[in-house]
Amino acid sequence: MGARKRIKAEQIKEARKTQAYAKLRNVPTSPRKMRLVVDMIRGKEVNLALDILKFSTKEASSRVEKLLLSAVANWKDKNEGIRIEDANLYVKEAYVDSGRILKRLRPAPQGRAHRIRKRSNHVTILVDSKVSNVNQEN
């Protein structure tokens, strides 16, 4: 690895230590369906996002809700002296990447076969506080 690449990787690693995020990998639903759910909560406050996910009829919303709670718990671990109510948490970033695609064959008429793509995805949620440095205000 070159020096520039190593330095950049170390900077990203240091930045990740202060960010509170959670990842969900290899979810067996298509990324397109998951993006519909994730788009509903991007930029919203955490309590509002949890309410939206709880009352959503989409199947993927229960998984995203659990992931959001995990991201909030990670934020709480990294900011021990701060109360969640005072921090005014919101969903800073939320995105869905395509995961592994399992390729299957389905019989078709006249001896042919059609390919079925069973898609999966990876979801990442990053939570942050709208209040900068809550400790300084107290």
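**Note on charged side chains**

1. Arginine 117 lies in strand 4 (residues 113-118); strands are DSSP runs of E with at least two residues, numbered from the N terminus. Together with Lys103, Arg115 and Arg119, Arg117 forms a positive surface patch. Such a patch consists of residues with over 30% relative accessible area and no salt bridge, like charges being joined within 9 Å.

2. This is a predicted model, in which local features need pLDDT of at least 70 and side-chain atom pairs count only at pLDDT 80 or more, while totals for chains, interfaces and linings use all residues. Residues are numbered from 1 along each chain as its sequence is written, and side-chain values use heavy atoms, with hydrogens and water left out.

3. The whole structure contains 6 salt bridges, each defined as a side-chain nitrogen of Lys or Arg within 4 Å of a carboxyl oxygen of Asp or Glu. In one of them, glutamate 59 pairs with arginine 63, with 3.5 Å between the closest N and O atoms. Arginine 63 is partly exposed at 29% relative accessible area; this class lies between buried (under 20%) and exposed (over 50%), using a 1.4 Å probe and protein chains only.

4. Aspartate 128 and lysine 92 form a further salt bridge, their closest N and O atoms being 3.8 Å apart. This pair links distant parts of the chain, 36 residues apart: aspartate 128 is in strand 5 (residues 121-129) and lysine 92 in strand 2 (residues 89-98). Aspartate 128 is partly exposed at 27%, and lysine 92 is partly exposed at 38%.

5. Within it, arginine 83 and aspartate 86 have their closest N and O atoms 3.7 Å apart.

How values were computed. Patch = residues over 30% accessible without salt bridge, like charges linked within 9 Å, V, L, I, M, F, W, Y side chains within 5 Å. Areas by Shrake-Rupley, 256 points an atom, 1.4 Å probe, with all protein chains shown as cover. Lys, Arg positive; Asp, Glu negative; His and termini not counted. Charge placed at Lys NZ, Arg CZ, Asp CG, Glu CD. Helix = DSSP H or I, 4+ residues; strand = E, 2+ residues; numbered from the N terminus.
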